[in-house]
Amino acid sequence: MSPERPPISTADVARSGLRLGFPTVLGEEVWWEEDRPAEAGRRTIVHRAADGTRRELIAAPWDARSRVHEYGGRSYVVVPGVGVVFVNHSDQRLYLTDGGTPRALTADSEHRYGDLLFAAGVVWCVRERHHDGKVDRALASVTLSGEVTEVVAGSDFYASPALSPDGEHLAYICWNHPRLPWTGTELRITRLEDGSSWTVKGGMSESVLAPQWRDNRNLYLISDWSGWWNLYQIGIFGTSSQALYPAEEEFAWPLWELGGLPYLVLGGGRLAVLHGQGDLRLGILDPETGSLADLDVPYSGWRPALSADGNTLVGIAYGSDVPRSVVRVDIVTGRVEGLRRDIAELPDIAYLPKPRSVEIEGSFGRRVHAYLYPPPSVEPAPYVVFVHGGPTGHATTELSLEKAFFTTRGIGVLEVNYGGSTGYGRAYRERLRGQWGVVDVEDTVAAAQWLAAEGLADPARIAVRGASAGGWTVMAACAASTVFCGGVSIAGVSALAPLVAATHDFESRYVEWLVGPESLYSSREPLSRAAEVSCPMLLMQGLADPVVPPSQAEAFATALTDRGVPCTYLSFEGESHGFRRLESKTAALAAELAFYEQLFRPEPET
């Protein structure tokens with residue numbers, strides 16, 4: 001039975017979201033990004049000195065967040081012996097600081113900066129310009145005195161600039177509309193002396209990611225041309241392509257955020273790599289022999305944001321009962337040291353649900369991956385099916401106090417990696433091509449039916465919740481099936497034509513891949529099918545969301561209310577695509593729990 005007083009409160013969950021990210025190591029010093037939920041969700045940069053002392057390099061109101069592609073990513077880069085260059089959220093300018101008052105490097109303008117790299121004495125970056133309702137991008141260099149030079153332009157999108165050891169060539173990833181970085185990209189090289197450029201690998205149906213230099217004439221890269229994001233070596237003119245470790249595993253995640261590295265070159269030429277299905281494990285790959293050995297570390301998964309200096313590696317790791325942590329690993333001695341945890345104090349480990357990987361048979365015999373988080377209560381229990389966003393994303397087994405918040409109250413969680421999710425190869429994620437609103441919905445419904453068939457869930461008490469693209473699936477699933485007794489949508493998409501007209505440039509052509517022509521919109525979008533929804537719904541939305549405008553939730557709430565279907569709509573001032581502020585996160589979770597308590601209340605006996 002669940003405890004009378006659950007040990008995890010809404011405030012505990014809200015305060016746990018430090019979102020540690022993008023570490024950097026140089027010698028004995030380490031830097032990383034860290035959120036401040038109690039300070040309006042701003043992001044700071046933390047420096048850990050050789051003696052272990054920590055300090056914030058920027059204080060409020062400074063906020064280190066890039067808005068390139070709206071999703072941003074790494075917002076800073078270390079300048080050895082000088083300080084850090086970072087992107088300030090409010091004006092998107094580059095600033096330099098050593099812990100004192102930041103000094104502006106770039107002018108107050110319509111430009112944004114992201115994916116920062118410091119090499120050869122300058123900052124290399126993606127520069128995004130918003131003007132006259134249009135967006136264009138380039139790769140640029142910025143000196144520490146603030147001189148900005150455009151280096152490469154002409155493509156719609158850029159990522160992952162990497163300078164050759166001799167400083168003669170710049171490697172990078174680029175792509176054009178309507179493609180996205182997981183559908184088709186190119187690895188290109190520009191000779192800096194004369195500006196000549198050429199494609200090394202990639203194309204319209206190959207996703208190439210994360211170039212890094214082996215030497216002045218050879219590169220490492222990740223490509224999915226075999227069906228899986230695997231690691232390769234290739235010459236700068238596209239010759240001698242060689243798979244370093246061909247496997248039915250992923251060696252990368254989709255490029256939603258810029259600046260992450262899923263593998264690194266270590267001292268001596270070996271590679272630290274992340275690989276696996278679902279969760280990514282940390283291993284050491286010898287490119288000469290092709291041997292790969294996983295490191296013995298107390299973490300089950302790693303986020304694709306590694307940094308190394310010689311044989312010292314830092315990254316962001318997690319476990320199902322270990323919070324997301326900044327971790328330092330000595331590759332030679334094997335010493336593993338946790339430097340900072342996302343959650344300072346955990347409840348008793350007995351209160352943390354232990355995830356179990358399950359495979360569910362979906363429509364037409366399709367295999368569907370999911371993670372089961374059972375509650376301690378006697379079966380059958382009420383359950384909530386969690387649906388991740390993206391939709392090109394995936395759920396992992398990373399410890400989540402949010403899930404524990406529900407399981408300790410007797411509510412089970414099943415998190416589904418529906419067809420279209422990453423982590424299981426290109427064919428699995430291609431299931432969603434032209435089928436958004438069909439495959440994701442069928443797999444989510446199948447997950448709920450599996451819970452009931454296995455005797456895990458009370459068939460009358462299964463709800464569904466999701467955010468962003470997951471919110472779309474929630475609304476569509478509640479229209480398509482009566483298996484759910486209620487749904488929670490956070491920043492969910494309800495109508496396609498308004499989304500295409502209003503959303504940001506990065507995803508402005510995404511619907512073409514996900515759905516197809518406009519003639520299919522009405523048969524897929526939840527708003528057109530609102531008349532088929534009969535279960536109660538809770539809709540929550542940030543009013544400053546540039547990805548999914550508030551009108552999406554407002555229109556769906558109105559459609560349900562007009563028909564007399566119980567619907568609660570909660571909006572959050574100042575919140576964007578995902579809640580960052582302590583008060584917003586606390587209020588949203590409290591509202592969600594109250595919604596479930598009402599849904600799952602036993603029917604009175606007659």
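**Aromatic pairs, a helix crossing and selected buried sites**

Pro161 is placed in strand S13, residues 157-163. Helices (H or I, at least four residues) and strands (E, at least two) are DSSP runs, numbered from the N terminus. The model is predicted, so local features need pLDDT of at least 70 and side-chain atom pairs count only at pLDDT 80 or more, while totals for chains, interfaces and linings use all residues. Residues are numbered from 1 along each chain as its sequence is written, and side-chain values use heavy atoms, with hydrogens and water left out.

Pro161 is buried, at a relative accessible area of 8%. Here buried means under 20% relative accessible area, exposed over 50%, and partly exposed in between (1.4 Å probe, protein chains only). Contact is defined as heavy atoms within 4.5 Å. Neighbours within four places in sequence aside, Pro161 contacts Asp115, Leu117, Trp124, Leu139, Leu170, Ala171 and Tyr172. Cys174 is 13 residues from Pro161 in sequence. The C-alpha atoms of Pro161 and Cys174 are 9.9 Å apart.

A search of the whole structure finds 25 aromatic pairs. Rings of Phe, Tyr and Trp (its six-membered ring) pair if their centres lie within 6.5 Å; planes under 30 degrees apart count as stacked, over 60 as edge-to-face and the rest as tilted. Phe157 and Trp175 form a stacked pair, because their ring centres are 5.3 Å apart and their planes lie at 10°. Phe157 belongs to strand S13 and Trp175 to strand S14 (residues 169-175), so the pair ties together parts 18 residues apart in sequence. Phe157 and Trp175 are both buried.

The pair of Trp182 and Trp256 is tilted, because the ring centres are 4.5 Å apart and the planes are at 35°. Trp182 lies in the loop between S14 and strand S15 (186-191). Trp256 lies in the loop between strand S20 (242-243) and strand S21 (263-265). This pair therefore ties together parts that are 74 residues apart in sequence. Trp182 is buried, with a relative accessible area of 2%. Trp256 is buried at 14%. One aromatic cluster is formed by Tyr71, Phe157, Trp175, Trp182, Trp256, Phe506 and Tyr510.

Charges also sit over rings. The criterion is NZ of Lys or CZ of Arg within 6 Å of the ring centre and within 35 degrees of the ring normal. The charged end of Arg429 sits over the ring of Trp229, 4.1 Å from its centre. Arg465 lies over the face of Phe386, 4.5 Å from the ring centre.

Helix H4 (residues 439-453) and helix H5 (residues 469-480) have axes that come within 9 Å and cross at roughly 70°. H4 is therefore roughly perpendicular to H5. Axes are lines fitted to C-alpha atoms, for helices over the stretch in contact, and angles run from 0 to 180 degrees between N-to-C directions. Angles under 35 degrees count as roughly parallel, over 145 as roughly antiparallel, 65 to 115 as roughly perpendicular and the rest as oblique. H4 contributes Asp440, Val441, Thr444 and Val445 to the contact, and H5 contributes Trp472, Thr473, Ala476, Ala477 and Ala480.

Glu398 occupies the loop between strand S32 (381-387) and helix H2 (401-407). Glu398 is buried, with a relative accessible area of 12%. Beyond four places in sequence, Glu398 contacts Arg303, Tyr318, Gly319 and Arg324. Leu352 lies in the loop between strand S29 (336-341) and strand S30 (356-361). Leu352 counts as buried, at 6% relative accessibility.
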